[in-house]
Amino acid sequence: MTMTVGTAVPVDRTAVVRDIFDHLDQNKDGYLDGEEVLLLVRNLKGTKANHRKVARLMRKMDTNGDGKVDPEEFGSMILDMSNKYEDAQFLNKMDILKRGRRQVHIDFLFRLFDTDGDGEMSEKEFLNCVKLGLKSSKKRPDSPNPIMDKFALLDKDGSNALDLKEFSTYMDEIFKIMDERKFAEAVSKLRSRAIGLWRAKAASIQNAAAAKDVATHTNDDALSEDDDN
């Protein structure tokens, strides 16, 4: 099934779903067994995953009743469930199926605080993330020193910046006791605070630029008046 949005490159949904199947098929035998379906449920439900949910999903997908899920059974269910989504939503949902809701949230936060877009999180960017995170959880922000000590421990390759894997390690540590709902709520609060901060800074920069522009034009006018006299 191929979908097209406007003039965008079509999304081959069948290929996307097959890629997820291959990723979940840990032993590469061409089928998903109970343990591999458990991985799928964990990606969706996080800490709420259990064997009862796995058994229910297995029954739903295993239409021929052979006790395992083949690519066609998996693809049929996933494509049928995702028909209502536009391509962008579909790809987001499939990303969650493949990598897990929590990791998708962590990736989003990494991109949000990587304000210069260089694919790494600098000390300053990490400091902003941690301080905003502490504020959103109503904890008192640490002084920079303990945060930078943590940064140094996470920076395994000594590059003075954190890559996504290193940042993910930090996020896993501080959010590991949360279930998926509370984790999503924490991410949402952090996102709101960050966006509010960036907008305030942008407005401040614009106001400063406007003030400078007014001052410049005022000086130009004054010069013009002096020239006329």
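**Entry 1: the cores**

I began with the largest nonpolar core, which has 24 residues. By nonpolar core I mean a set of buried Ala, Val, Leu, Ile, Met, Phe, Trp, Tyr and Cys residues joined through side-chain atoms within 4.5 Å. Buried stands for under 20% relative accessible area, exposed for over 50%, and partly exposed for in between (1.4 Å probe, protein chains only). The residues with the most contacts inside this core are Leu109, Phe113, Met121, Phe126, Phe167, Tyr170 and Met171. I then looked up the helices behind it: α6 (101-113), α7 (123-136), α8 (144-154), α9 (164-175) and α10 (180-228) each supply at least two of its residues. Apart from this core lies another, of 23 residues, including Val69, Phe90, Met94 and Leu97.

A word on the model: it is predicted, local features need pLDDT of at least 70, and side-chain atom pairs count only at pLDDT 80 or more, while totals for chains, interfaces and linings use all residues. Residues are numbered from 1 along each chain as its sequence is written, and side-chain values use heavy atoms, with hydrogens and water left out.

Next I picked Phe126 and asked which residues it touches. Leaving out residues up to four places away in sequence, I listed Met121, Ile147, Met148, Phe151, Leu154, Leu162 and Tyr170. A contact here means heavy atoms within 4.5 Å.

**Entry 2: the whole chain**

I stepped back and found 10 helices and two strands in the protein chain. These are DSSP runs numbered from the N terminus: helices are H or I with at least four residues, strands are E with at least two. From the N terminus on, the order is β-β-α-α-α-α-α-α-α-α-α-α. The chain has 229 residues, and buried ones make up 32% of them. Among contacts between residues at least 6 apart in sequence, 55% join residues at least 24 apart. I also noted an accessible surface of about 14,200 Å², with 52% of it belonging to carbon and sulfur atoms; the areas come from the Shrake-Rupley method with a 1.4 Å probe, and for residues only the protein chains shown count as cover.

**Entry 3: helix α2**

I checked the length of α2 (residues 34-45) against expectation. The expected span of a helix is 1.5 Å times one less than its number of residues. For the 12 residues of α2 this gives 16 Å, and the end C-alpha atoms are 16 Å apart, which agrees. Its buried residues are Glu36, Val37, Leu38, Leu40, Val41 and Asn43. I saw that they pack against α1 (13-24), α3 (51-61), α4 (71-81), α5 (87-99) and α6.

**Entry 4: salt bridges**

How many salt bridges are there? I counted six, taking a salt bridge as a side-chain nitrogen of Lys or Arg within 4 Å of a carboxyl oxygen of Asp or Glu.

One of them joins Arg13 and Asp87 at 2.9 Å, N to O. Arg13 sits in helix α1 and Asp87 in helix α5, so I had a link between parts 74 residues apart. Both Arg13 and Asp87 are buried.

Lys98 and Asp19 form another, with their closest N and O atoms 2.6 Å apart. Lys98 is in α5 and Asp19 in α1, so this pair ties together parts 79 residues apart in sequence. Lys98 is partly exposed at 25% relative accessible area, and Asp19 is partly exposed too, at 36%.

I also found Asp95 bridged to Arg99, the closest N and O atoms being 2.7 Å apart. They are four residues apart in helix α5, which puts about one helical turn between them. Asp95 is partly exposed at 25%, and Arg99 is partly exposed at 32%. Shared partners join Asp95, Arg99 and Asp107 into one network of salt bridges.

**Entry 5: single residues**

I looked up Val187 in helix α10. Is Val187 buried or exposed? It counts as buried, at 4% relative accessibility. Val187 touches His105 and Leu109, not counting residues up to four places away in sequence. Val187 and Ile106 are 81 residues apart in sequence, with 8.3 Å between their C-alpha atoms.

Last, I turned to backbone angles. Most residues other than glycine have a negative phi. Lys28, in the loop between α1 and α2, has a positive phi near 55° and is exposed at 57%. Asn160, in the loop between α8 and α9, has a positive phi of about 65° and is exposed at 54%.
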